[in-house]
Amino acid sequence: MSEAPKVFFILGGPGSGKGTNCARLVEDFGYTHFSAGDLLRAAAKEGTSEIAKKIGAMIRSGNIVPSEITVALLRQTLQEHPSGVGYIIDGFPRKADQAKMFEDGIARAAGIVYMQCSEATMEERLLSRGAGDAKRDDDNAETVRRRFRVNVEECEPVVEAYKKEGRCYVVDANRDRDIVYADVKEIFIQMGEKPIR
């Protein structure tokens with residue numbers, strides 16, 4: 001990557017609608033989308049290395065994978081998937097040092113959107129997902145609650161820091177998915193992004 005890529009961060013707790021909204025942003029704007037969690041889960045499944053096993057154990061326990069590993073994985077992924085339009089990364093950064101490492105070493109975020117959602121709504125969504133085809137290893141009540149705690153302790157300070165810098169747009173993600181996405185799309189248009197359809 002000779003020049004810094006254009007990157008947007010989509011933040012929010014587990015089940016807040018990050019992936020759903022990112023899929024629609026890809027359709028409407030042509031971005032390349034990566035979920036930090038999906039990349040880590042894929043690395044844990046594919047690899048037999050100690051790092052892959054460590055990633056897997058941390059994910060299953062609901063804890064955050066060390067920042068150096070996550071940032072290195074994102075750097076490699078962006079290099080392997082060049083995009084002329086830009087990237088949306090969901091579920092990242094989840095810690096202040098991740099944000100600093102990424103923005104100092106890869107690119108300053110062009111925009112940050114926070115999907116604000118109540119724990120009751122998120123839990124309902126996650127446990128209903130856990131009963132269907134989209135079930136993940138970490139979609140069970142105990143791990144879900146730990147993920148909420150980790151989100152509050154680790155991720156909320158990142159959001160607050162971005163808010164203080166005036167760089168974070170907040171969306172009420174408790175509402176109907178179409179209403180939520182209409183707000184998200186409008187934010188991207190306000191940031192100067194052009195829909196492709």
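The legends below describe close-up views of a predicted model.

**View 1**
The model is predicted. From the N terminus on, the elements follow the order β-α-β-α-α-α-β-α-β-α-α-β-α. The radius of gyration is 16 Å, close to the 16 Å from the globule rule for 197 residues, so the protein chain is as compact as a globular protein of that length. The C-alpha trace spans about 40 × 40 × 35 Å along its principal axes. Of the 197 residues, 48% are buried. Take the contacts between residues at least 6 apart in sequence: 76% of them join residues at least 24 apart. The accessible surface is about 9,900 Å². Carbon and sulfur atoms account for 50% of that surface.

**View 1. Helix H4 packs with helix H5.**
H4 covers residues 67-80, and H5 covers residues 96-105. The angle between them is about 35 degrees. Their axes lie 9 Å apart. The crossing of H4 and H5 is right-handed. On the H4 side, the contact uses Ser67, Glu68, Thr70, Val71, Leu74, Arg75 and Leu78. On the H5 side, it uses Asp97, Gln98, Met101, Phe102 and Gly105. By class, the contact of H4 with H5 has five nonpolar, four polar and three charged residues.

**View 2. Thr70, a buried residue of helix H4.**
The relative accessible area of Thr70 is 3%. That value is under 20%, so Thr70 counts as buried. Leaving out residues up to four places away in sequence, Thr70 touches Leu40, Val65, Phe92 and Gln98. Gln98 is also one of the H5 residues in the contact with H4.

Pro93 sits in the loop between strand E3 (87-90) and H5. Phe92 is among the residues that touch Thr70.

**View 3. Arg41 in helix H2.**
H2 covers residues 36-46. Arg41 has a relative accessible area of 18%. The cut-off for buried is under 20%, so Arg41 falls in the buried class. Arg41 and Thr70 are 29 residues apart in sequence. Their C-alpha atoms are 11 Å apart in space.

**View 4. Phe8 in strand E1.**
E1 covers residues 7-12. Phe8 is buried, at 2% relative accessibility. Leaving out residues up to four places away in sequence, Phe8 touches Tyr31, Tyr87, Ile88, Ile89, Ala110, Gly111, Phe188, Met191 and Glu193. Tyr87, Ile88 and Ile89 fall within the 87-90 range of strand E3. Phe188 is 180 residues from Phe8 in sequence. In space, the C-alpha atoms of Phe8 and Phe188 are 9.6 Å apart.

**View 5. Arg125, a partly exposed residue of helix H6.**
H6 covers residues 119-130. The relative accessible area of Arg125 is 29%. That value lies between the 20% and 50% cut-offs, so Arg125 is partly exposed. Leaving out residues up to four places away in sequence, Arg125 touches Gly15, Ser16, Gly17, Cys117, Ala173, Asn174 and Arg175. Ser16 is 109 residues from Arg125 along the chain. The C-alpha atoms of Arg125 and Ser16 are separated by 8.2 Å.

**View 6. Lys163 in helix H7.**
H7 covers residues 141-164. Lys163 is partly exposed, with a relative accessible area of 30%. Leaving out residues up to four places away in sequence, Lys163 touches Cys168 and Val170. Lys163 and Val85 are 78 residues apart along the chain. Their C-alpha atoms are separated by 25 Å.

How values were computed: Residues are numbered from 1 along each chain as its sequence is written. This is a predicted model: local features need pLDDT of at least 70, side-chain atom pairs count only at pLDDT 80 or more; totals for chains, interfaces and linings use all residues. Side-chain values use heavy atoms; hydrogens and water are left out. Axes are lines fitted to C-alpha atoms, for helices over the stretch in contact, and angles run from 0 to 180 degrees between N-to-C directions. Helices (H or I, at least four residues) and strands (E, at least two) are DSSP runs, numbered from the N terminus. A crossing is left-handed if the near helix is turned anticlockwise from the far one by less than a right angle, and right-handed if clockwise. Contact means heavy atoms within 4.5 Å. Ala, Val, Leu, Ile, Met, Phe, Trp, Tyr, Cys and Pro count as nonpolar, Asp, Glu, Lys and Arg as charged, and the others, Gly among them, as polar. The radius of gyration is taken over C-alpha atoms; the globule rule is 2.2 Å times the number of residues to the power 0.38. Buried means under 20% relative accessible area, exposed over 50%, partly exposed in between (1.4 Å probe, protein chains only). Accessible areas come from the Shrake-Rupley method with a 1.4 Å probe; for residues, only the protein chains shown count as cover.
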